[in-house]
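Here is a short briefing on how parts of this chain pack together. Keep the sequence and the 3D view open while you read.

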Amino acid sequence: MGGNAGSGRPARLLDRVREACRVRHYSRRTERAYTQWVKRFVLFHGKRHPREMGAVEVSAFLSHLAVAGSASSSTQNQALAALVFLYRRVLDSAAPLLELDDLVRARVPTRLPVVLGQDETRALLANVEGESRLVAALLYGAGLRLLEGLRLRVKDLDLERGEIVVRDGKGRKDRVTMLPRSVAADLRGQLARARALHTRDLEAGFGAVALPDALARKYPSAAREWGWQWVFPASRRFREAESGVERRYHLHETVVQRAVKRAVRASGIAKPASCHTLRHSFATHLLASGYDIRTVQELLGHRDVKTTMIYTHVLNRGGRGVRSPLDG
């Protein structure tokens, strides 16, 4: 299917899905997920066009994911969201939509996040190698999500005030969080390396970074300005498939994920820790230090304080703070 499909109809359908996502400023990750689910849905039903199908076929597809594919509840709900988007926003089809709204969404189980102790966190960060160590330090020290850390631009750092502006975070929201003073010197060194790399790119006739939305048309010279460059640029340039422009992207997330995974093993940590565990640990350690939950909510960028309150359950683990009679 896709652009190489023998039939042009499915390819045009996926192009319409991409266009509908971009008109609504969905992230590229959401766009890729939605197009993949639409593609799998159509292939599952023998390449029938979605206009010829409805809630019965959607239900059969979701059941297949759950039974044959052993998909998690969150995966099923993402697939359903993609198909509702397809019928509502792309095909503008009201009849199947009324039936789709009656489908029961899979219940997502409530699970406590994995949190490291402070000694475990120090051991993990000490074992992260290379450039990924500074990224990991920001995930823990500023409560960033992985892509929020990797997508930082030079202008988003204020070393004087000790602040980081997170642009276009989850839910397309901006927020301000702290910049740990302990990494300020390392960040200055990272910025010096990034600037030297940017200077070499400019001398070679490149150096134009990708800009959000339509800023590249509004400010044609901004893409080459230092302030818009990535704090953590990739080691190599790549050529964009859509525009054909050769440019440098930020460090890929898998580089940091693998470095953290190796550090977890080297530290002897038995918990299933990941990059996101550092963000969970940031919130839990702040609450344990007595900071107000609303403050932590703002730093994390949670829309609802109920999301932040999950960390109070982590703090109360082991009988909600009750002392065991065995310890008496």
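The model is predicted.

**Helices H3 and H4**
- H3 spans residues 55-67 and H4 spans residues 73-90.
- Their axes lie 10 Å apart, and the packing angle is about 160°.
- That angle is over the cut-off of 145 degrees, so H3 and H4 are roughly antiparallel to each other.
- H3 passes H4 in a right-handed crossing.
- H3 brings Val58, Phe61, Leu62, Leu65 and Ala66 to the contact, while H4 brings Gln76, Ala79, Leu80, Leu83 and Tyr87.
- Nine residues of this contact are nonpolar, one is polar and none is charged.

**Helices H6 and H11**
- H6 covers residues 118-127, and H11 covers residues 253-267.
- They pack at about 120°, with axes 8 Å apart.
- H6 and H11 are therefore oblique to each other.
- Their crossing is right-handed.
- On the H6 side, the contact uses Ala123, Leu124 and Asn127.
- On the H11 side, Val260, Ala263, Val264, Ala266 and Ser267 take part.
- The contact of H6 with H11 holds six nonpolar residues, two polar ones and no charged ones.

**Strands S4 and S5**
- S4 (residues 233-239) and S5 (residues 246-250) run antiparallel and are joined by four bridges.
- Arg237 stands opposite Arg248 of S5.
- The hairpin of S4 and S5 has six residues between the strands.
- In this hairpin, Gly244 takes a positive phi near 80°.

**Phe282 in H12**
- Phe282 sits in helix H12, which runs over residues 275-288.
- Is Phe282 buried or exposed? Its relative accessible area is 4%, so Phe282 is buried; the cut-off for buried is under 20%.
- Which residues does Phe282 contact, leaving aside neighbours within four places in sequence? They are Leu139, Tyr140, Gly141, Ala142, Gly143, Met178, Leu299 and Leu300.
- Phe282 and Gln118 are 164 residues apart along the chain, yet their C-alpha atoms are separated by 9.6 Å.

Conventions:
Residues numbered from 1 in each chain as written. Predicted model: local features only at pLDDT ≥ 70, side-chain atom pairs only at ≥ 80, totals over all residues. Heavy atoms only, no water. Axes fitted to C-alpha atoms, helices over the stretch in contact; angles between N-to-C directions. Helix = DSSP H or I, 4+ residues; strand = E, 2+ residues; numbered from the N terminus. Parallel < 35°, antiparallel > 145°, perpendicular 65-115°, else oblique. Left-handed = near helix turned anticlockwise from the far one by under 90°. Contact = heavy atoms within 4.5 Å. Nonpolar A, V, L, I, M, F, W, Y, C, P; charged D, E, K, R; others polar. Pairing = 2+ DSSP bridges. Buried < 20%, exposed > 50% of the residue type's maximum accessible area, 1.4 Å probe, protein only.
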